[in-house]
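Please look over the sequence and the model shown below, and keep both at hand while reading.

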Amino acid sequence: MPVDKTIIIPIKLRDIPALHRMFVSAVRSHFAYFPAIEQDQVIRNHRPLKLLLAAIHPRRIILTAHHGGELVGYAIGSVPKNGKGQLFWLFVDPSRRGRNTGLTLLSRMLRMQSQLGATEVSLATHDHRRYYERQGFVWCDAYPVDGVRMDIMTFKTGQV
Ligand SMILES: CC(C)(COP(=O)(O)OP(=O)(O)OC[C@H]1O[C@@H](n2cnc3c(N)ncnc32)[C@H](O)[C@@H]1OP(=O)(O)O)[C@@H](O)C(=O)NCCC(=O)NCCS
């Protein structure tokens, strides 16, 4: 019997509606520490047309994780021309956590960012500092965003 593996691939345009649904659900649940008005803004900034534009942008990366034909996670990042990459979002469906999907999305994202010329990749996280430290990110700073403490962390891509 074939093993039903999780696969990680750059987003296909047909998956944008599913990504959008998962993104909205993630913002409303797992990123609910942001005030509702900010959640609304984030969701507006990631409506399907915006996700489509990001998917075809040469300096944006959207990776999706699939299991059994279903979308189960995503990572969204960028590599501006200055080489300072960013990881904006990393999410795995709660039912599929703890199976290395997050780590695989993250390591694939870092490798692709490095290939696109990123010398470093930064992110902001409220409650996953330890998670990213385990993957080689180093804490740089912390500041409040909309009253929520965010840790700023950086990864040097020479490590990939
Ligand atoms: C963070 C997230 C993407 C990890 O996905 P995942 O597929 O479960 O990750 P992995 O299987 O690769 O790693 C799981 C490991 O990370 C650990 N972990 C999960 N959340 C953690 C946290 N906040 N701090 C430290 N470790 C954490 C787990 O305990 C597990 O450890 P183990 O390997 O020793 O058992 C997922 O929990 C998620 O989507 N969370 C909600 C969204 C979110 O907060 N994203 C990051 C915000 S910047």
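D151 and R149 form a salt bridge in which the closest N and O atoms are 2.6 Å apart, a salt bridge being a side-chain nitrogen of Lys or Arg within 4 Å of a carboxyl oxygen of Asp or Glu. With a relative accessibility of 4%, D151 counts as buried, whereas R149, at 46%, counts as partly exposed; buried stands for under 20% relative accessible area, exposed for over 50%, and partly exposed for what lies in between, with a 1.4 Å probe and protein chains only. The model is a predicted one, in which local features need pLDDT of at least 70 and side-chain atom pairs count only at pLDDT 80 or more, while totals for chains, interfaces and linings use all residues. Residues are numbered from 1 along each chain as its sequence is written, and side-chain values use heavy atoms, with hydrogens and water left out.

Over the whole structure, a search finds five salt bridges. One of them joins the side chains of K156 and E120, at 3.0 Å from N to O. Since K156 lies in strand β7 (residues 148–156) and E120 in strand β5 (residues 120–125), this pair ties together parts that are 36 residues apart in sequence; helices (H or I, at least four residues) and strands (E, at least two) are DSSP runs, numbered from the N terminus. K156 is partly exposed, with a relative accessible area of 47%, and E120 is buried, with 16%. K84, E120 and K156 are linked in a network of salt bridges.

A salt bridge also brings together the side chains of D40 and R28, at 2.8 Å from N to O. Here the pair links distant parts of the chain, with D40 in helix α2 and R28 in helix α1, twelve residues apart. D40, at 30% relative accessibility, is partly exposed, and R28 is partly exposed with a relative accessible area of 40%.

Helix α1 comprises 14 residues (16–29), which at 1.5 Å a residue should span 20 Å, and its end C-alpha atoms are 20 Å apart, in agreement with that value; the expected span is 1.5 Å times one less than the number of residues. The buried residues of α1 are I16, L19, H20, M22, F23, A26 and V27. In general, an α-helix has 3.6 residues a turn, so residues three or four places apart point the same way. The buried residues of α1 pack against α2 (36–44), α3 (48–56), β2 (60–67), β3 (70–78) and β4 (84–92), where contact means heavy atoms within 4.5 Å.

In strand β2 we find T64, which is buried at 0% relative accessibility. The C-alpha atoms of T64 and L19 are separated by 8.1 Å, although the two residues are 45 residues apart along the chain. Leaving aside residues up to four places away in sequence, T64 touches I7, I8, I9, P10, I11, L71, G73, Y74 and L105. S78, in strand β3, is likewise buried, with a relative accessible area of 5%; with the same exclusion of residues up to four places away in sequence, S78 touches R59, R60, G85, Q86, F88 and Q113.
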